[in-house]
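Let's take a friendly walk through this structure, a few residues and elements at a time. Please keep the view open as you read.

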Amino acid sequence: MVTRRTLLLGAIAPLAGCGTLRPPGAAGPPPATIGVRRDGWRTTVMSFNVLTPTRGAADFDPSVPDDEVRLAARVPVMAAWIEKAQPDVIGVQENEASSAAALPLPPLLDRLPGFTPVHADLDVPLLVRDSAYVVASADAADISQGYYARHLAWARLTSRATGRSLLVA
């Protein structure tokens, strides 16, 4: 049940994360973050498309060299961008690969200590900052309607600072 003490942040995917990465030193906050304030309580959420490693530059923009699209080249840039934004919760998109060993999330998590993955094996996992929240419960639903597997993941978090409940999807 959603109460006054519960902030519902649903469908954070439209917040962006699908555009071109700005270099970590670029001015201003990353465009895929949003800070939410309520009654003196604040949290920051981010949506991030990690770009499935099963595709190359030719699938998106042939002028971009394949070496720049490879996961090994993108992970340091993604980690730097996330560290600069300092989100408390990240909704990840396109955590997909032909095998579990090739998923984009594990090498990214190696560079992001302090985050707990929720549904790390799904195409839409959540990352939760350990210092900000405890994962109270989590679940997911298969919403596939075609060839590609699609899921909806959610988690109920408890703020370490306030004890408030936060539902993210």
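## Serine 159 and its surroundings

Leaving aside residues up to four places away in sequence, serine 159 touches Trp41, Ala132, Tyr133 and Arg164. Please bear in mind that this is a predicted model. Serine 159 lies in strand S8, which covers residues 151-159.

Is serine 159 buried or exposed? Its relative accessibility is 6%, so serine 159 counts as buried, the cut-off being under 20%. The side chain of serine 159 also reaches the backbone nitrogen of alanine 161, at 3.2 Å.

## The two faces of S8

In a regular strand, side chains alternate between the two faces of the sheet. S8 has a covered face made up of His151, Ala153, Ala155, Leu157 and Ser159. On the uncovered face of S8 you will find Leu152, Trp154, Arg156 and Thr158.

## Partners of S8

Which strands pair with S8? One of them is S7 (residues 133-142), which pairs with S8 in the antiparallel sense over nine bridges. Another is S9 (residues 165-168), also antiparallel to S8, over four bridges.

Arginine 156 is a handy place to look at both pairings: in S7's direction, serine 137 stands opposite arginine 156, and leucine 167 of S9 stands opposite arginine 156 as well. S8 and S9 form a hairpin, with five residues between the two strands. In that turn, glycine 163 has a positive phi of about 80°.

## Threonine 43 in S3

Now on to strand S3, residues 41-49, where threonine 43 is found. With a relative accessibility of 0%, threonine 43 counts as buried.

What does the side chain of threonine 43 make polar contacts with? Another is with the side chain of tyrosine 133, at 2.7 Å.

## Helix H2

Helix H2 takes in residues 71-85, 15 residues in total. From its first C-alpha to its last, H2 reaches 20 Å, close to the 21 Å expected at 1.5 Å a residue.

Which residues of H2 are buried? They are Leu71, Arg74, Val75, Met78, Ala79, Trp81, Ile82 and Ala85. Looking down the axis of H2, these buried residues fall within an arc of 165°, so they line one face of the helix. Just after H2 comes glutamine 86, with a positive phi of about 50°.

Methods:
Residues numbered from 1 in each chain as written. Predicted model: local features only at pLDDT ≥ 70, side-chain atom pairs only at ≥ 80, totals over all residues. Heavy atoms only, no water. Buried < 20%, exposed > 50% of the residue type's maximum accessible area, 1.4 Å probe, protein only. Polar contact = N/O pair within 3.5 Å; in protein donor to acceptor, adjacent residues only side chain to side chain. Contact = heavy atoms within 4.5 Å. Expected span 1.5 Å × (residues − 1). Arc of directions from axis to C-beta. Pairing = 2+ DSSP bridges.
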